Amino acid sequence: LLIKEPKQPLAAKTVGPFYLFNNNWPRLIQSYEIMVAHAGDAEEKIGLLHRIAELYEIAGDDQSKAFDALGRAFKVDPSNTTTQERLETIARQLGDYPRLVALYDESIPDIVDDNLIIRLLVKIAQIYELVLEDVAKAAASYERILGVDPGNFEAVDALINLHLKNSNFAALVEAVVRKSEMVTEVADRKALLLYAAQTRET
């Protein structure tokens, strides 16, 4: 009925409360999807997708579809912290962090805000390091941050700690030398280069 209605968004808005009252969440989701397709701006679309996710999660007990809906909201606006938080909560509940990482990673080429790219890469790196325990991919993610912002001390320090924790001394020396090129104080540079030299000898 909704699909054949010539004024679909209006029809969807009209019947939505009826479906809600009758706890008919599949039809309510259908009405929301029609409104998403005709949403006038990003904020409206994201709000509707959040509602769809909530219905899947609570009424439908389908966290995977909830994640998909939130993933669509994320693609509309990757900077939306509410969307990110809800995605991360569901990924934790599902134990499906690779899915979250893939969503964040595939969005990066379309983002023009370097600060947002860095924030997402930090999340990706920390998931690889602390949750998935994939040292190589964690290191590669920190390297990508430095590719965006060569003066990012948080990233180079994270690399140093990561390589030190995993006894990867060759990579540790490279990271320490890189940091020595970033610092401005001569004494700090000398101390870092001395540490790198001592590490090479071990």
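Here is a short chat about a few labels used on this structure.

Visitor: What kind of model is this, and how are residues numbered?
Guide: The model is predicted, so local features need pLDDT of at least 70, side-chain atom pairs count only at pLDDT 80 or more, and totals for chains, interfaces and linings use all residues. Residues are numbered from 1 along each chain as its sequence is written, and side-chain values use heavy atoms, with hydrogens and water left out.

Visitor: Why is the aromatic pair of Phe-74 and Tyr-104 called tilted?
Guide: A search of the whole structure finds one aromatic pair. In that pair, Phe-74 and Tyr-104 sit 5.1 Å centre to centre, with 40° between the planes. Ring centres must lie within 6.5 Å; planes under 30 degrees apart count as stacked, over 60 as edge-to-face and the rest as tilted, so this pair is tilted.

Visitor: What makes Phe-74 buried or exposed?
Guide: Its relative accessibility is 0%, so Phe-74 counts as buried. Buried means under 20% relative accessible area, exposed over 50%, and partly exposed in between (1.4 Å probe, protein chains only). Tyr-104 is buried too, also at 0%.

Visitor: How do you know whether Glu-133 is buried or exposed?
Guide: Glu-133 has 63% relative accessibility, so it counts as exposed. Glu-133 also has a positive phi of about 55°, although it is not a glycine. Most residues other than glycine have a negative phi.

Visitor: And why is Ser-167 called partly exposed?
Guide: Ser-167 comes in at 44%, so it counts as partly exposed. Ser-167 has a positive phi of about 55° as well, and is not a glycine.

Key
Rings of Phe, Tyr and Trp (its six-membered ring) pair if their centres lie within 6.5 Å; planes under 30 degrees apart count as stacked, over 60 as edge-to-face and the rest as tilted.
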